[in-house]
Amino acid sequence: MSTDTTLSAAAAQPAAKPRSRRMSTSTILLIVAGALVGLSLVHQLANAPDVTSSGAIQAALQAAVPLGLAGLGGLWAERAGVVNIGLEGQMILGTWFGAWGSLEFGPWIGLLIGILGGAVGGLVHAVATVTFGVDHIISGVAMTILAPGVVRYLSYITWGSAGATQSPQVVDQVPRLSVPGINSLKGLEEHQWFLVSDIAGVLRGLLHEVSLVTILAVLLIPLTAWILWKTAFGLRVRSVGEDPQAAESLGLNVYRYKYYGVVISGAMAGLGGVYLSTVTSAIYREGQTGGRGYIGLAAMIFGNWRPGGLAVGASLFGYTDALQLRRGSESVHALLILVGALLLALAVWEFIRRNRVVAISSAVLGVLSYVLFFSVDKIPTALVQAAPYITVLVVLALAAQRLRPPAADGKPYRRGG
């Protein structure tokens, strides 16, 4: 039996716990179609065109990308058995180095420098946790505290006191692409026809004026899945996150593969930071990440440590976050129709499966959604701003019983131990 075959068995050992079944392509397409129909109904019933407008979808995509990249960073680290709470700090390094590199050398070199900045942050975290055995949470928090101070100092010596908290405008940006003829759907979107106009709005939002960095980020999701689950390198990374002692007994250098996972993790987070400073806003600002590293971790957990689920979690947060910018009070109010229906449907499903705790929780939340919808005409601004975070908390709470992290995630490892 080859080493990689034995590693595959070791990596699959904790699978004695029930796993959720992978969804087929037809199932995924059915879910997407159902979501479109649901949003179209919300649009018509509550007269809320922004729930499927091209502007809202484009804003949702821009909000979801850095979260997804942070989540991919967390995925790489935790699949190698290292908890990377320092993703926020690594994103901060990416924002600064990406903006500085773009100003000095152009957008593509700036992109690489920002990725490298995040990777260096990941390397520091790996040295602390893997080599010196520092607690993963302490090291990650230290990274998040240290990074803002580092970039504030770099800003001061680079752009002077006037630029200590933000950079000059990034003029040269990575090109944006549009699918030929996609803008012709604008007229169809403006007709406000049921489903047809909604689909037109979604397609325009996803395919019009899309940055090449966005395309790169989206491609990294299937690429990560392929590397981690279809290649020998990915198998070895996952094996050290599941059972490092077994991997060591088969001759694998566990430290090396943990380093690989954490450095790649930092690079992904750095790319998310570059996206914020050069694509979303074209300027570096202090505090620009706004906790997205932590939300990326939440999206990863929601996705059960898998790229596809992570992408769904990041999209969910990005969509609710984008609605704040598009008549957020009315849009979030209208969305309560769909949220309530989904929660009640989940309650019925979980009751049939005799999972009464989740069933009752879902039913209560679903009823509360409709009570709120019929009680007020507009959602208070403070609640609208909190909606993305509430969404993440509710989803994580309802999904908690199905989650299975890597078996050795966050556990200390010593060679020969």
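Me: What volume does the second largest pocket have?
Reply: In this predicted model, the second largest pocket has a volume of about 280 Å³. A pocket is an open set of points on a 1 Å grid over the protein atoms alone, where a 1.4 Å probe fits, with protein on both sides within 12 Å along at least five of seven lines.

Me: Which residues are the closest to its centre?
Reply: Of the 15 lining residues, the closest to the centre are A63, L276, T280, R292 and D321. Lining residues have an atom within 4 Å of a point.

Me: And which elements give two or more residues to that lining?
Reply: They are α3 (54-79), α12 (254-280) and α14 (307-322), helices being DSSP runs of H or I with at least four residues. The most comes from α3, with four residues.

Me: What is the lining like by class?
Reply: It has six nonpolar, six polar and three charged residues; Gly counts as polar.

Me: Changing topic: at what angle do α4 and α12 cross?
Reply: The axes of α4 (residues 87-105) and α12 cross at roughly 55 degrees and come within 6 Å.

Me: Left-handed or right-handed?
Reply: The crossing of α4 and α12 is right-handed, the near helix being turned clockwise from the far one by less than a right angle.

Me: Which residues make the contact?
Reply: Among them are G94, G98 and S102 of α4 and G266, G270 and L276 of α12, contact meaning heavy atoms within 4.5 Å. By class, this contact has six nonpolar, 12 polar and no charged residues.

Me: What should I know about the conventions?
Reply: Residues are numbered from 1 along each chain as its sequence is written, and side-chain values use heavy atoms, without hydrogens and water. Local features need pLDDT of at least 70 and side-chain atom pairs 80 or more, while totals for chains, interfaces and linings use all residues.

Notes. Grid points are joined across faces, edges and corners, and a volume is the space filled by probe spheres set on the points. Axes are lines fitted to C-alpha atoms, for helices over the stretch in contact, and angles run from 0 to 180 degrees between N-to-C directions.
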